Each structure stands twice: as C-alpha cells, then as structure tokens.
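I opened the model to look up its salt bridges, its sheet and its helix packing. My notes follow in that order.

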Amino acid sequence: MLPLEHLVRAREDLRRLVSIPSVSARGECLSECAHAVRDLLVAAGFQTEICAGDIGPFVVAEIGHGPLTIMVYNHYDVQPEDPISLWHSPPFELSERHGRWYGRGVADDKGEFISRLEGWRLFRERHPGPLPFRLVWLVDGEEEIGSPSLEAFLKTRFQDEKVDVCWWEYGEIDSNGRPIVLCGFKGVMAVELRCRTARADLHSSLGAVFDNPLWRLAAATASLRDRSGRVLVDGFYDTIRKPAQDERNLAAKPPFSFDSLVEATGGQKVLHGIDEISFYAAMNFEPCMNVNGFFGGYAGEGAKTVLPADGSVKIDFRLVPDQDPQHVVGLLRAHLDRHGFEDVELIVHDANVKPVRSSTDHWFIQDAQEILEKHFGRQVIVQPSSPASGTAHPFVEQLGADIVGIGLTHHGAMLHSPNENVIIEQFETMIECSAALFWRLAERAAGMRSQAELDTVDPIQGVTP
C-alpha cells in the first residue's frame, strides 16, 4: 500500500506541471516547464542540467554508477488544448472527477514522468545507500512535434556512451486493467502528393480535353495498395525482418477480441484477409499505408462544375523492422515514375522515425512482467510492437539500448484530445511498480558487480591480481 504522503506529493507535482501550458507546437512555456522538471529531479538527488534543443530544451539528470546503465525517457511538452469547448474543466488545471485526474499532459506525458519520479523517491526512501547502477533521466521538450533535435542531441551529449535499457516514455493499461509491456514501435513516413494541370480552375466542359489533377492523384494513390492493404510499391517488403518465434507465439493469441476492437473503435470496413486471429499479428508486424486526406477543387454547398487546377493528397506509411523511411521514399518516387505519374510532386513531411523492436525475452521485460503482475493483480500482456510510432531508433542505433514501454496510459485516456485523464488508482499502483523496478535494477546490478569481482580473483592466490 502506497503511503498517503507519496500520493499527495505526486498529485501536487503533477498539478504544478499540468498548470504550465508547455505546448511545443506553439513554442509556449517550454523553458519554464524544463526548469520545473529540473527542480524536481534536483530535489530527488540527481545531478541535473538543461541543454538547448531546436525548439525546447532537454533536461538531463544522472546518478549512480555500476555495471548497468539505465535511461528513463519522458517528455514535458504537450499537445495543443484545442478545441477548448469540449473540455469539461480547464485544460491546464488538474481536476478530479469519478476517480480520475483530468488535464492536458496528465497522461501524456507528465503523469508518466511523475509516477516514475515518485516511485524513485519511494525507492530511495527505503534504500538510500549508494546506487549500484547508473541512471540517466532524459526529459524531452519536443516530443509532440516529432523530436526534431533529439537524434543530434543524443549524438553530441552521449557520444560513445552505451545504455543497456531505455524505459520508454509511456506504456499502456487495457480496458480490463491489464498492464501492457510494449517491446517496440513502428516507424512512420508521412508524405504529400501534389498535382497541377492548369494555371487556374477551368470550366468542367474542358474535361473532354484536359486531364483532372484530382483524378490523377486518385489513380496514383490507388496504385499504391490493394484491397487487402498490401502495399504495391516494388521493393517495399524486401528488407522486413521476420518476427522471432516467441514474437509470433505472442501475436497468435490476441489478448483482446476482434469484436472488442470493433466496438471500441467503431471501425466497420475490415481489410480483406483480416479476421479474429490475424488482426493482432497485423497490428504488431505488418506495415501499412493510410490516406490521411484529399484536398482540391470545390467542396462547398451545392454543385460547382469546375475542373480543378491542382490538388493534393496526404499519406502516411507505418513501417516495421528493418524498413528505412528514407529508402521507402525512394521506392515511392520510383513507383510513381514507373506508373506514369512523373508530374506528381512528392513532398516528404516526415521520414526520420525508424521502427524498433526489442526481444520479448529480455531480462528487463521479464522483471517488469513479474512486478506488474504482483502489483496490478492481473496477467500482463507482452506486446511485441505497438502499432503506433515513436522516435526511439536513436536510442537503439546510437546508444545500443533495448526499448521497453511500461506505463499507466489506459485505453480511455483521451490522449491528444479534450478531457485527457488518468485513473488515480492506476497512477498510485504505477508509483509502487516504479519503486519495485528501481529496486530490482539495484539487485541485478549488485549481483553483476559481485560476479565481476569473483571473476577477477586469481584461483590460485585467492586475490585480485
């Protein structure tokens, strides 16, 4: 049972952070929030610094040394609060209703950060001695706008350093209260296709002579995938890493039903070939292409017989290991040219987020699973990959870290939407889990150090040479 004073302190810290409208899309209050985060980490015993980013600063905190280096990654920036009219309470005030706390960032990601920080305090209160592992806490101020300076920052600030595990900025709890351990994230590539066929809109009667840019965009888009969702771009699947057997075993037993997914989302048109078993494997392992929106021509009330001069379509691709977004951009351009769409312009909005996946039998995942099951009292779901994306690849490529997502974001948390919330009971439990995880890391590091010392003993002299 978590002592009440820990929950009270965590609530007050969360209230303070939520009150700072650190919206990175507007560049608002980022320095103020970074300093508030730094103050909390300093008070918790860390050596802390604030480092410049392109938009918002990074907060770096460090403590301890030993055979393990663990990085905890969070972010303090939040999504815009719009539309304000749909909030039931002020977005930048922490409010409580029906066992939940509400406010922008209360889950994503200030609540995740505070639950871990309070878990750290609880751990240090009970185990105040020298820390037998190195802990690095990195708090980003640009995550909600794609972390544009994260990769360069890691390269300079942590040059030639290695990290064993990166505890990712969020994890999930399903609608039945079961914690989900995320072992990876898909990559993402966002592009826009543009086409112009005239200087200005024309009378639609000239459609007998001149081509239509919206038709060309529709045809170009339709050439990219079939009715099963399979992408038709040559070479798109060539580099994909096959899932390991243990990953396939996990995906073969969906932890929730397809019917429940349909009910939760309201989705009605299922892709050809997807059923109550294959849907979960697709969510974990399959790349996909999505049309985000068509733009151009007349969309007002009534009819307007016009031949549009130009138009555009926005598309994203979710990618899996080992697909490289930059490489896929080249494949896409070649596909368009090969199919007669040389005039269709390709604008790249995002081709930097690569897919990552850690082994599901990693020791950190096994430790976390045991701790989560003990404290939540429910079976843990180990998910090979989130169907969503995050800028995790620099931690893997530059620092050699395994990425693991463990956290308190429940499936009704309304991330990026009005009335973002966390369930207080789950927040409290995650504090206890965080404390237990830090203690398990200390035990593991101490065991590694003891074994290393034994390995250096001369078997004849009995002393370290």
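I counted a salt bridge wherever a side-chain nitrogen of Lys or Arg lies within 4 Å of a carboxyl oxygen of Asp or Glu. The model is predicted, so I kept to the rule that local features need pLDDT of at least 70 and side-chain atom pairs pLDDT 80 or more, while totals for chains, interfaces and linings use all residues. Residues are numbered from 1 along each chain as its sequence is written, and side-chain values use heavy atoms, with hydrogens and water left out.

Salt bridges. By this rule I get 29 salt bridges. One of them, I noted, pairs arginine 241 with aspartate 322, whose closest N and O atoms are 2.9 Å apart. Arginine 241 is in the loop between α5 (213-222) and α6 (245-251), and aspartate 322 is in the loop between β14 (310-319) and α9 (325-338), so the pair ties together parts 81 residues apart in sequence. My element names follow DSSP runs numbered from the N terminus: helices are H or I with at least four residues, strands are E with at least two.

Sheet. I took two strands as paired if DSSP finds at least two bridges between them. In an open sheet, 6 strands follow the order β1-β2-β6-β3-β7-β19, with mixed pairing. β1 (47-51) and β19 (402-404) are the edges, each with a single partner strand, so one side of each has no neighbour in the sheet. The twist averages 20° from one strand to the next.

I then checked two pairings. β1 and β2 are antiparallel over 5 bridges, and a hairpin of 6 residues joins them. Glutamine 47 is opposite glutamate 62 in β2. β3 (residues 69-75) and β6 (residues 134-140) run parallel, joined by 7 bridges. Here methionine 71 faces valine 136 in β6.

Helix packing. I used contact to mean heavy atoms within 4.5 Å. Axes are lines fitted to C-alpha atoms, for helices over the stretch in contact, and angles run from 0 to 180 degrees between N-to-C directions. Helix α1 (residues 4-18) packs against helix α2 (residues 30-43) at about 165°, their axes 10 Å apart. That makes the two roughly antiparallel (over 145 degrees; under 35 is roughly parallel, 65 to 115 roughly perpendicular, the rest oblique). Asp13, Arg16 and Leu17 of α1 meet Glu32, Cys33, Ala36, Val37 and Leu40 of α2.
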